[in-house]
Amino acid sequence: MERLRPVILIAQPHLAPLLPILAMQYDVMGLWEEAGRARLAEAEILVTAGEFRLDPDMLAAMDRLRLIACFTVGYDGVDLDWARASGIAVSHAGDANAEDVADHAIGLILAHRRQIVSGDRALRAGEWLPGGKTITRSIAGARLGIVGMGSIGIGVATRADALRMATRWWGPRDKPGLAWPRSESLAALASESDILVVAARATDDNRGMISAAIIDALGPNGLLVNVARGQLVDEDALIDALRAGRLGGAALDVYAQEPTDPARWVDVPHCILTPHTGGATDAAVAQMAQMLLANIRAFVAEEPLPNRVL
């Protein structure tokens, strides 16, 4: 007997473009619509952007839920302990956007050290005058520290080699096969670096790991780059350090709250901000969509998930 098409609910409105793609094969609705919320008890699959924390009360109402399919690479918004105890599988998009995020990190470094954004603004404001010349900081020889040496960290380090930077890294577990040396601690890495790139996966255990002490260790000539998750950085301490001149600069793609309040950054000096676009390229999004479809097809066919978290 042919299995009935499973009901799939999509959690966030910005994932609405997935509706017509999934609707070709499945019974799919958005949770932002009343009709979708009315089918909570029927849904077997929940599609979500993994950085968004799922409402426990909503999950408790989903009696038939068997798969949380993260469209994104990250899945830190999913309570894995709860999912494991409830017998619910979790999938994600693997390393679909790691190379693009690494590109973005390097772009932020170049933009900040070579003053590309401020140079553009100065030219447009008529501040490029005869005889005037802005001197920026070279990339070659800069000491780069990478926090978290997964696919993104390795991508950043590989690109940094081509730019003639000197790279070290730190993570909670040693990886002896890597070509770059590991510092003895996060604090040591910060003190040894001119540029510190945060590329670690966010967990409940490492919230605020880039603390005021780590920021001070990076120092008044240091640059902090975050392309991972906003929760990894003590954002209030970061802003205080930038205003006080205890940190040389910051280049951020992720924030404690997203979208971040633009008023929070109006008078914060020496920072470049992008709206969490590091992994949002046409190629990466297409790859994530294909991986989502593959995970859902495997689940429906009762086959192993190709990109299973648990």
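Leaving aside neighbours within four places in sequence, Asp 194 is in contact (heavy atoms within 4.5 Å) with Arg 113, Ala 142, Arg 143, Leu 218, Asn 221, Gly 222 and Leu 223. The model is predicted, so that local features require pLDDT of at least 70 and side-chain atom pairs count only at pLDDT 80 or more, whereas totals for chains, interfaces and linings use all residues. Residues are numbered from 1 along each chain as its sequence is written, and side-chain values use heavy atoms, with hydrogens and water left out.

Asp 194 is located in the loop between α8 (186-191) and β8 (195-198); helices (H or I, at least four residues) and strands (E, at least two) are DSSP runs numbered from the N terminus. Asp 194 is classed as buried because its relative accessible area is 18%, where buried means under 20% relative accessible area, exposed over 50% and partly exposed in between (1.4 Å probe, protein chains only).

A nonpolar core is defined as a set of buried Ala, Val, Leu, Ile, Met, Phe, Trp, Tyr and Cys residues joined through side-chain atoms within 4.5 Å. The largest such core has 30 residues, of which Val 147, Leu 196, Ile 210, Leu 224, Leu 238 and Leu 247 touch the most other members. Two or more residues are given to this core by each of α8, β8, α9 (212-218), α10 (235-244) and β10, and α10 gives the most, with five residues. Apart from this core lies another, of 27 residues, among them Ile 8, Ile 10, Leu 18 and Ile 45. In soluble globular proteins, nonpolar side chains tend to be buried together. Beyond its neighbours within four places in sequence, Val 147 is in contact with residues including Trp 170, Leu 186, Leu 196, Met 209 and Ile 210.

Helix α7 (residues 151-162) has 12 residues and should span 16 Å at 1.5 Å a residue, which agrees with the 17 Å between its end C-alpha atoms; the expected span is 1.5 Å times one less than the number of residues. The buried residues of α7 are Gly 153, Gly 155, Val 156, Ala 157 and Ala 160, and these pack against α5 (98-113), β6 (143-147) and β7 (166-170). Arg 164, which follows α7, has a positive phi near 70 degrees.

The loop between β10 (249-252) and β11 (271-273) holds both Tyr 255 and Trp 265. The structure contains one aromatic pair. Tyr 255 and Trp 265 form this pair in an edge-to-face arrangement, at 5.9 Å centre to centre and with 70 degrees between the planes. Rings of Phe, Tyr and Trp (its six-membered ring) pair if their centres lie within 6.5 Å, and planes under 30 degrees apart count as stacked, over 60 as edge-to-face and the rest as tilted. Both Tyr 255 and Trp 265 are buried.

Pro 259 also occurs in the loop between β10 and β11, and the peptide bond from Glu 258 to Pro 259 is cis, with omega near -5 degrees. His 270, in the loop between β10 and β11, has a positive phi of about 60 degrees. His 276 lies in the loop between β11 and α11 (282-300) and has a positive phi of about 50 degrees. Most residues other than glycine have a negative phi, and most peptide bonds are trans.
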